[in-house]
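The exercises below ask you to read a protein model step by step. Please look at the sequence and the structure before you turn to the solutions.

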Amino acid sequence: LRALTSVFVALYLVLFLPATALFDAMTHWCWHTIIPIATTHLGVAGHRVGDAVAIFPIFLLAASAISLTFGLVRAARSVRRLITRDAVGRGPADSVIVGGPDVFVAAAGFSNPRLVVSAGALTQLDDEELAAGIDHEHGHIRRRHRFVVLYAEACRALARFIPGTKHAVSQLRFHL
């Protein structure tokens with residue numbers, strides 16, 4: 001809803017605001033009208049300023065979408081690099097074992113998600129805990145939570161200027 005609100009506000013500003021009487025009154029000015037001392041025309045008309053102001057939200061949304069795209073590409077590369085660089089071998093339930101003392105079991109990847117288990121998890125968790133963690137992560141993969149998170153991040157990028165958006169996405173991630 002926040003992303004839709006942002007998109008609709010931007011569309012309103014581009015499509016409907018220029019047709020209003022208020023916009024027309026605000027853009028019909030010249031510098032010599034505002035500053036009577038200035039007798040020369042400076043070449044900046046109110047129409048150009050008004051058009052720039054009306055189109056500015058679209059540029060903000062586009063910049064947010066581009067930022068999201070670069071962030072996703074950067075995150076995908078770093079996950080791929082982490083798995084290939086730190087991979088020790090194959091683990092239980094067709095998972096990839098990565099080195100390190102930290103305990104974690106995670107589903108990593110977007111188009112072809114893989115289960116990642118740390119060496120610390122293998123040494124510190126008993127068989128039941130490890131199986132529960134693996135089943136939990138397989139549930140994320142089967143339920144396609146990665147697509148829900150991607151959609152939420154896309155909406156967050158579009159609605160980043162609405163207060164509370166970041167908190168809403170963090171709450172969604174928590175509940176997933």
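F110 is partly exposed, with a relative accessible area of 38%, where partly exposed lies between buried (under 20% relative accessible area) and exposed (over 50%), computed with a 1.4 Å probe on protein chains only. The model is predicted, so local features need pLDDT of at least 70 and side-chain atom pairs count only at pLDDT 80 or more, while totals for chains, interfaces and linings use all residues. Residues are numbered from 1 along each chain as its sequence is written, and side-chain values use heavy atoms, with hydrogens and water left out.

**Exercise 1.** Find which aromatic pair a search of the whole structure gives, and describe its geometry.

*Solution.* Step one is the search, which finds one aromatic pair in the whole structure; rings of Phe, Tyr and Trp (its six-membered ring) pair if their centres lie within 6.5 Å, and planes under 30 degrees apart count as stacked, over 60 as edge-to-face and the rest as tilted. Step two names the partners: F110 and F147 lie 4.9 Å apart, centre to centre, with 75 degrees between the planes, and the pair is edge-to-face. Step three places them in the chain, with F110 in the loop between β3 (105-108) and β4 (114-118) and F147 in helix α7 (residues 145-158), 37 residues apart. F147, at 36% relative accessibility, is also partly exposed.

**Exercise 2.** Work out where the buried residues of α1 fall around the helix axis.

*Solution.* Begin with the extent of helix α1, which covers residues 2-16 and reaches 20 Å from its first C-alpha to its last, close to the 21 Å expected at 1.5 Å a residue; the expected span is 1.5 Å times one less than the number of residues. Next, list the buried residues of α1, namely A3, S6 and A10. Seen down the axis of α1, these buried residues fall within an arc of 65 degrees, so they line one face of the helix. Finally, turn to the face away from the buried side of α1, which carries the exposed residues F8, L15 and F16.

**Exercise 3.** Determine which element gives the largest share of the lining of the largest pocket.

*Solution.* The largest share, nine residues, comes from α4.

Conventions
Helix = DSSP H or I, 4+ residues; strand = E, 2+ residues; numbered from the N terminus. Arc of directions from axis to C-beta.
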